[in-house]
Structure formats: structure tokens, C-alpha cells
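Visitor: I'd like a close look at one part of this protein, the nonpolar core and the helices around it. Could you walk me through it?

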Amino acid sequence: MDPLSRLCTSCGLCCDGNLFTQVPLLADEVALLRRRGLPLLARGDRLPVVEQRCAALAGSCCTIYDERPQGCRGYRCMLHAALAADEVGLEEALAVVVQTQALLGALADALPPGHGAPLRRARVEARAGTLTASASAAVGAAARQIGRHFDREAGRVATTG
């Protein structure tokens with residue numbers, strides 16, 4: 001397996017709801033994904049979207065990889081770009097993924113029990129004014145890591161609610 005594919009199949013953060021809440025679809029993708037049994041979120045008179053955590057994510061791997069939407073195909077995280085440009089090696093990139101997953105796990109542990117991605121749940125707690133100091137610190141650590149290595153916009157949004 002090539003290093004870029006190995007990185008992606010070891011990570012899955014772009015599909016688990018921590019970076020994005022939804023993936024927009026093109027018209028020809030809707031029927032295909034419905035046939036594959038993927039639940040889609042209706043958006044009034046606009047095209048449906050794939051809500052994140054994606055139902056096609058198994059562990060850290062996409063089960064519809066060859067038929068994934070264009071929005072998924074086109075996304076490259078900053079860590080992927082750094083690996084592609086030989087700015088980091090595969091082992092270093094994989095270590096960043098492990099560290100990020102550990103930070104998200106610590107955040108999940110600091111939050112009240114619930115379903116969904118830890119950063120998404122933390123935004124809900126912050127809006128409700130119920131985010132504890134320990135959860136706030138964990139949000140900051142995870143968001144900084146994501147903003148540094150994966151998606152600057154997602155990291156910024158996670159810290160600002």
C-alpha cells in the first residue's frame with residue numbers, strides 16, 4: 001500500500017465528524033449513495049448531504065472508497081499534503097494521527113456521555129454554557145492539533161463554537 005493510502009486508512013478524521021459536519025453531494029451521486037444504503041440528510045429543496053460521522057466509515061476506512069462522493073475525493077488534509085510533498089515521513093505522519101486520536105479520546109472522556117464526534121459534542125456543550133474547565137482544555141488541545149495538521153478551518157471553528 002502506498003504511503004498516502006496508508007495514512008488515510010489509518011486516520012479517518014475527515015469522515016468521523018470531528019473535521020466536518022456534512023459532505024455536499026452532486027446530483028449524480030445521490031442515487032448511487034442511496035442504492036449503497038448510505039443515509040442522506042435532506043436539505044429542503046437543495047441536494048441532500050452525507051452527514052458526518054459517515055455511515056460508510058468502518059474504523060478508519062471508507063467502505064465505499066471507489067464510489068465516494070467528489071467532496072470526499074477532493075479533500076486532502078494538511079498532513080496528507082505534507083506527506084505527499086515529502087515534508088514528513090510516513091512514520092511521523094502516522095504518529096501525528098495516533099496523537100490526534102488520543103487527544104480526541106481525552107476530550108471524549110472529559111465530556112458527558114453521548115454520541116457523536118468529540119469536537120462536535122464539545123461545541124454543543126460550549127453553546128449551552130456547560131463545558132467544564134477540563135473539557136475546555138481538552139477542546140483547546142485537540143483543536144490546536146487539528147488546526148496544525150489537518151484542517152485549519154475546522155480547528156478554528158472547533159475553538160470558537
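Which residues have the most contacts inside the largest nonpolar core?

Guide: Keep in mind that this is a predicted model. Inside the largest nonpolar core, which has 26 residues, the ones with the most contacts are Leu 7, Leu 79, Leu 107, Leu 119 and Phe 150. H5 supplies the largest share, 7 residues.

Start with Phe 150. Leaving aside residues up to four places away in sequence, Phe 150 touches Cys 11, Leu 13, Leu 19, Tyr 75, Cys 77, Met 78, Leu 79, Val 96, Val 97, Thr 100 and Gln 145. There's also a second, separate core of 11 residues, with Leu 25, Leu 33, Ala 56 and Leu 57 among them.

Now for how H5 sits against its partners. Any two packed helices are described by the angle between their axes and the distance between those axes. For H5 and H7, the angle is about 155° and the axes are 9 Å apart. An angle over 145 degrees counts as roughly antiparallel, so that is how H5 and H7 run relative to each other. Their crossing is left-handed. On the H5 side, the residues that meet H7 are Val 96, Gln 99, Thr 100, Leu 103, Leu 104, Ala 106, Leu 107 and Ala 110. Facing them from H7 are Ser 134, Ala 135, Ala 138, Val 139, Ala 141, Ala 142, Gln 145, Ile 146 and His 149. By class, that contact has 12 nonpolar, 5 polar and no charged residues.

H1 is another partner of H5. The axes of H1 and H5 come within 10 Å and cross at roughly 10°. With angles under 35 degrees counted as roughly parallel, H1 and H5 are therefore roughly parallel to each other. Here Pro 3, Arg 6, Leu 7, Ser 10 and Cys 11 of H1 meet Leu 90, Glu 91, Ala 93, Leu 94, Val 97 and Gln 101 of H5. This contact has 7 nonpolar, 2 polar and 2 charged residues.

One last stop is Cys 15, which you'll find in the loop between H1 and strand E1 (22-24). Cys 15 has a relative accessible area of 15%; buried means under 20%, so Cys 15 is buried. Not counting residues up to four places away in sequence, Cys 15 touches Gln 52, Arg 53, Cys 54 and Leu 57.

How values were computed
Residues numbered from 1 in each chain as written. Predicted model: local features only at pLDDT ≥ 70, side-chain atom pairs only at ≥ 80, totals over all residues. Heavy atoms only, no water. Core = buried A, V, L, I, M, F, W, Y, C linked by side-chain atoms within 4.5 Å. Buried < 20%, exposed > 50% of the residue type's maximum accessible area, 1.4 Å probe, protein only. Helix = DSSP H or I, 4+ residues; strand = E, 2+ residues; numbered from the N terminus. Contact = heavy atoms within 4.5 Å. Axes fitted to C-alpha atoms, helices over the stretch in contact; angles between N-to-C directions. Parallel < 35°, antiparallel > 145°, perpendicular 65-115°, else oblique. Left-handed = near helix turned anticlockwise from the far one by under 90°. Nonpolar A, V, L, I, M, F, W, Y, C, P; charged D, E, K, R; others polar.
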